[in-house]
Amino acid sequence: MNQKTYAATGLMVCVLMAMIMPSMMADSNDVTTSVQVGAFEPSIETVVIEDDSGTPQSSLDVNREYYVVASFIEKNGLQDLEYVSVDLYFSGNGTIEPGTHDKRCNYTLTWSKATGDWTSQPAGYVNPSNSSIAATAPSVIEATFAFSLDKVAMPSGMQNAWTAGVTVCDSYGLLNADLTTTFDVNDYIEWSGLPASVALGSSELVPEDVWTLDTPIVVTPTITANTHITVSFEATDLVNGDASIDASSYISAQAATAPAGGTVAAGYDTPQPVPESTTPFFEDVYATACTLDPSVSGYTDNDDTMVSFSIDILQGSTVPCLPAGTYAGACTFTFERGSGSTA
């Protein structure tokens, strides 16, 4: 065999070996990986009370809608929240703590993730339609509670204050609270039930005859107030052109309380001549004291008449010799904050 033959034989062997080697198959395995995300405590950044134009407010009217807007950091996101609540309570000089809920001085507003509901204690003081909670940026949540205070909510004037305390709690039970926001509540007095006019007798009174009414004219207003009040009364002469009837000589007035509450002033629990200048008739309306501070009183919360006023003709008075016609005057009731204090 010559050299050429060996070379050819070697080539053939290499080819055969390549043909009989088994093929290699691709294979893979899954490796489990994990990462632990920590539970971060929410952090309240700002709390502000705004009116419906978005203007911050620190002195609130009762029976009007406002908005507590709380902005906070929640690094685990909105889905990690459990609830957000707002406590609105009369705190006086800062030492009074909330007790039971009542519309006089202690409210709690709550948003719950579990139910998606907006609720209040007492019920009826949060407006779900105007309340919202949403992420305004990554990890930044803003909760807006639309609320109103009852008409009898404690007025605080310039010295005492209410607190708006916000609490944020996540699904791990981590929570953060802010009690630094304070506000004042203004006085409120509501009066209803006064007639537009009253007629003192028939249209055919006979001059010099005794002037009488079959029954006194009774005015039964309803008063709702969050503070002490004073109700005053005055009457003008009855006038027809140049002729007049002296009201204080012919007309009497009386105040009475029903149900009990407040004080009839200046002896007007019995008929007295009507005053011709503003005179207190009824003072200091009372009702159940605020549960946070039993010493604080001086408000009324009534659906029924709190005080009644009757107008009659003084016994034995006669119609003076006057020209025929209709004589008209005015009876004026005024009401203002009384001398009592909620301090």
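Mentor: By class, the lining of the largest pocket consists of 25 nonpolar, nine polar and one charged residues. The model is a predicted one, and the volume computed for this pocket is about 820 Å³. Among the 35 lining residues, A199, L200, L238, Y327 and A328 are the closest to the pocket centre. Strand β23, residues 331-337, supplies the largest share of the lining, namely three residues.

Turning to the sheet, three strands in the order β11-β13-β21 make up an open, antiparallel arrangement. β11 (189-192) and β21 (300-301) each have a single partner strand and stand at the edges, so one side of each lacks a neighbour in the sheet. Four bridges join β11 to strand β13 (residues 222-225) in the antiparallel sense; I189 has A225 in β13 as its bridge partner.

The largest nonpolar core here has 40 residues, of which V84, L88, L149 and W162 touch the most other members. The elements that contribute two or more residues to this core include β1 (43-50), β3 (66-73) and β9 (161-170), while β4 gives the most, with six residues. A second, separate core has 32 residues, W211, V219, V231 and F282 among them.

Conventions
Residues are numbered from 1 along each chain as its sequence is written. This is a predicted model: local features need pLDDT of at least 70, side-chain atom pairs count only at pLDDT 80 or more; totals for chains, interfaces and linings use all residues. Side-chain values use heavy atoms; hydrogens and water are left out. On a 1 Å grid over the protein atoms alone, a cavity is a set of points where a 1.4 Å probe fits but cannot get out, and a pocket is an open set with protein on both sides within 12 Å along at least five of seven lines; lining residues have an atom within 4 Å of a point. Grid points are joined across faces, edges and corners, and a volume is the space filled by probe spheres set on the points. Ala, Val, Leu, Ile, Met, Phe, Trp, Tyr, Cys and Pro count as nonpolar, Asp, Glu, Lys and Arg as charged, and the others, Gly among them, as polar. Two strands pair if DSSP finds at least two bridges between them. A nonpolar core is a set of buried Ala, Val, Leu, Ile, Met, Phe, Trp, Tyr and Cys residues joined through side-chain atoms within 4.5 Å. Buried means under 20% relative accessible area, exposed over 50%, partly exposed in between (1.4 Å probe, protein chains only).
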